[in-house]
Amino acid sequence: QEIGQNFSGKKGGGLAAYVLDCVDECVSVASKAMKSGFDHMDELQAEQAVQILANITALQCTLPRFYGQIMRGLCHVGLVRAENIDDSFQYADNMLERSRKACDSDIGAMYSVVYEITRSKLDTLIDFSLENFQWISRSVRDTPNAYVESLTEYMRSTFSCLAPMDEGSRTGLHFSACGHVAERIVRLLTDPVESKITSSLPPISKIDAFGLKNLALDVQEFVKFADSTGVPQLGECFNELKCLTEAMIDRDLPQLLLPANDSVRRRKYPLLSLEKIVNILEKYNGSGLGEKLKTVSGSKSKKGHDILILEKKEVLQLIKLIKTQTNSMSA
């Protein structure tokens, strides 16, 4: 102005408004630059995405002090005139809020990235670990299957780097990861073989009593891991899977599936779906009578072998029994 250049007053903020607009743009650019600092966003690891989120959060936390320093400087050099002082500071408050919202948007986007990376990695581990997996075991394991360790170790590593996230988001990611693992395994176990799938891993086509017993042991390990995180009720993510596997090896299952025992079954297995039990039974590798007697007599002395082992004809009878009930309920 001293050299004859005229600046029109901007939105009541006077000359300072032009500087504050530049500051707002700089904050927005800085936030986005923190994300673009990695060459390939699609190759980010969860801990890298969390670090970006932490950086943007730190930037957001500095904004009140940053804008305060800017306004003190503008007052010092005379760009905030006495007649515009209230309007200039109100404009600064508006720009501060705008910058905060821009950071909020980028932080929210990074939260989504962390969730997507975690779920994608879990899918990759499940697909890789369970490809061509033999669910017909013919014997009971003493330890969980190897894929369980792969999944729990990845989740443990990911959960350990979530400190920069707020408590609600950390808890949400815990439930998202464990819930996703449980859902994938439930679908592998219960989806019909011919069903359309969204992943490269098809549903289980055949499984026997020992495979179900081993899967029940895997579920116990998942619940144990969830409880070890200290997140309340996290282990409940695996409740449906636990219910299905325990019911399928329960020697009382044939009796519990009788219409007269409907209330007893619901109390013992409240999350049990008859439709899903039918789907599992249709994959069930039933034994012949001779094989069943040999297996049972040879394993009575072994811990954990007191499980339901169905003959092929028993499997067909249970399928017929359940379908009679489900058809009558839908009629």
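This is a predicted model: local features need pLDDT of at least 70, side-chain atom pairs count only at pLDDT 80 or more; totals for chains, interfaces and linings use all residues.

Me: How many helices and how many strands does the protein chain come to?
Reply: Reading from the N terminus on, the elements go α-α-α-α-α-α-α-α-α-α-α-α. The count for the protein chain is therefore, with helices and strands taken as DSSP runs, 12 helices and 0 strands.

Me: What share of the residues in the protein chain is buried?
Reply: A residue goes down as buried when its relative accessible area is under 20%. The protein chain has 331 residues, and the buried share of them is 42%.

Me: Which residues of α10 are buried?
Reply: Helix α10 covers residues 274-281. It's mostly covered, with 6 of its 8 residues buried. Those are L274, I277, V278, N279, I280 and L281.

Me: Is α7 parallel or oblique to α10?
Reply: The axes of α7 and α10 are 11 Å apart, and the two helices pack at an angle of about 55 degrees. Roughly parallel would need an angle under 35 degrees, and roughly perpendicular runs from 65 to 115. So α7 is, relative to α10, oblique.

Me: How does α3 run relative to α5, roughly parallel or roughly antiparallel?
Reply: The axes of α3 and α5 come within 10 Å and cross at roughly 30 degrees. Angles under 35 degrees count as roughly parallel. The handedness of this crossing is right-handed, and the direction of α3 relative to α5 is therefore roughly parallel.

Me: Which residues lie nearest the centre of the largest pocket?
Reply: That pocket holds about 310 Å³ of space. Its lining divides into 10 nonpolar, 4 polar and 3 charged residues. Of the 17 lining residues, the ones nearest the centre are L130, N132, F133, P202 and P203.

Me: N132 has a positive phi. Is N132 buried or exposed?
Reply: N132 isn't a glycine, yet its phi is near 60 degrees. You'll find N132 in the loop between α3 (85-130) and α4 (146-159). Its relative accessible area is 68%, so N132 is exposed.

Me: What about Q233, buried or exposed?
Reply: Q233 is also a non-glycine residue with a positive phi, about 65 degrees. The loop between α6 (209-228) and α7 (239-248) is where Q233 lies. At 56% relative accessibility, Q233 counts as exposed.

Me: Last one: how far apart are S150 and L125 in space, C-alpha to C-alpha?
Reply: S150 lies in helix α4. It is partly exposed, with a relative accessible area of 32%. S150 and L125 are 25 residues apart in sequence, and their C-alpha separation in space is 7.2 Å.

Methods: Residues are numbered from 1 along each chain as its sequence is written. Side-chain values use heavy atoms; hydrogens and water are left out. On a 1 Å grid over the protein atoms alone, a cavity is a set of points where a 1.4 Å probe fits but cannot get out, and a pocket is an open set with protein on both sides within 12 Å along at least five of seven lines; lining residues have an atom within 4 Å of a point. Grid points are joined across faces, edges and corners, and a volume is the space filled by probe spheres set on the points. Ala, Val, Leu, Ile, Met, Phe, Trp, Tyr, Cys and Pro count as nonpolar, Asp, Glu, Lys and Arg as charged, and the others, Gly among them, as polar. Helices (H or I, at least four residues) and strands (E, at least two) are DSSP runs, numbered from the N terminus. Buried means under 20% relative accessible area, exposed over 50%, partly exposed in between (1.4 Å probe, protein chains only). Axes are lines fitted to C-alpha atoms, for helices over the stretch in contact, and angles run from 0 to 180 degrees between N-to-C directions. Angles under 35 degrees count as roughly parallel, over 145 as roughly antiparallel, 65 to 115 as roughly perpendicular and the rest as oblique. A crossing is left-handed if the near helix is turned anticlockwise from the far one by less than a right angle, and right-handed if clockwise.
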